[in-house]
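Colleague: I'm new to this one, could you walk me through it?
Modeller: Gladly, here it is.

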Amino acid sequence: MAEQERRTGRDESEDERADRMWGELLQEVRVTQMGVQILFGFLLTVVFTNKYATLNDTDQAIYIATVVLGAAATGALIGPVSLHRLVSGRRIKPQAVSWASKMTFVGLLLLLGTMAGSLLLILRVATHDDFVPWLVAGVVVWYLVCWFVLPLWARRRATE
């Protein structure tokens with residue numbers, strides 16, 4: 001592809017661009033929604049197990065915070081669907097895409113917190129070792145690299 005073609009982008013109207021971006025965003029949300037909903041569903045069942053009653057106060061606090069993060073992540077990642085349904089036909093798709101994109105980004109941050117809290121709780125209960133916070137921190141750094149650092153680096157590199 002010639003340098004000029006890459007710089008000019010697609011020949012599409014604002015509405016066509018919004019339609020394309022909306023479709024791409026929904027595909028991205030579908031991937032994250034499934035994961036967060038399954039994780040959240042499993043988290044909801046923990047409190048009904050015999051093991052929950054034996055957790056110490058710290059582990060119960062981690063569990064409660066993780067459930068709240070999971071609920072918030074689920075809301076943020078389902079939000080774009082509701083937004084689209086409620087504003088459909090109002091001729092504000094470019095703005096709706098922007099709002100839905102922001103909700104999705106917040107949902108990813110909340111999902112990161114949910115994943116970290118779940119991993120922290122599971123490893124604390126499974127191992128009782130002092131290295132658990134370091135292991136969880138390493139996984140969180142890995143998520144940050146995969147979900148944010150690498151994409152931002154690629155975006156910056158592609159626009160230079």
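Predicted model: local features only at pLDDT ≥ 70, side-chain atom pairs only at ≥ 80, totals over all residues.

Modeller: Residues are numbered from 1 along each chain as its sequence is written, and side-chain values use heavy atoms, with hydrogens and water left out.

Colleague: Okay, which helix holds Asp59?
Modeller: Asp59 sits in helix H4, residues 57-87, where helices are DSSP runs of H or I with at least four residues, numbered from the N terminus.

Colleague: And is Asp59 buried or exposed?
Modeller: Asp59 is buried, at a relative accessible area of 5%; buried means under 20%, exposed over 50% and partly exposed in between, using a 1.4 Å probe and protein chains only.

Colleague: What does the Asp59 side chain pair with?
Modeller: The side chains of Asp59 and Arg124 are joined by a polar contact of 2.4 Å, that is, a pair of N or O atoms within 3.5 Å, where within protein one must be able to donate a hydrogen and the other to accept it, and residues adjacent in sequence count only if both atoms are side-chain atoms. Not counting residues up to four places away in sequence, Asp59 touches Leu121, Arg124 and Val125, with contact meaning heavy atoms within 4.5 Å.

Colleague: Switching to Thr32, what lies 3.1 Å from a polar atom of its side chain?
Modeller: That is the backbone oxygen of Val29. Thr32 belongs to helix H2, residues 14-46, and counts as buried at 14% relative accessibility. Leaving aside neighbours within four places in sequence, Thr32 is in contact with Leu77 and Leu108.

Colleague: How about Trp147, what does it touch?
Modeller: Trp147, found in helix H6, touches Leu108, Leu111, Leu112 and Met115, not counting residues up to four places away in sequence. Trp147 counts as partly exposed, at 27% relative accessibility, and its C-alpha atom is separated by 9.5 Å from that of Leu109, 38 residues apart along the chain.

Colleague: Where does Trp153 sit, and is it buried or partly exposed?
Modeller: Trp153 is in helix H6, residues 132-159, and is partly exposed, with a relative accessible area of 48%.

Terms used
Helix = DSSP H or I, 4+ residues; strand = E, 2+ residues; numbered from the N terminus.
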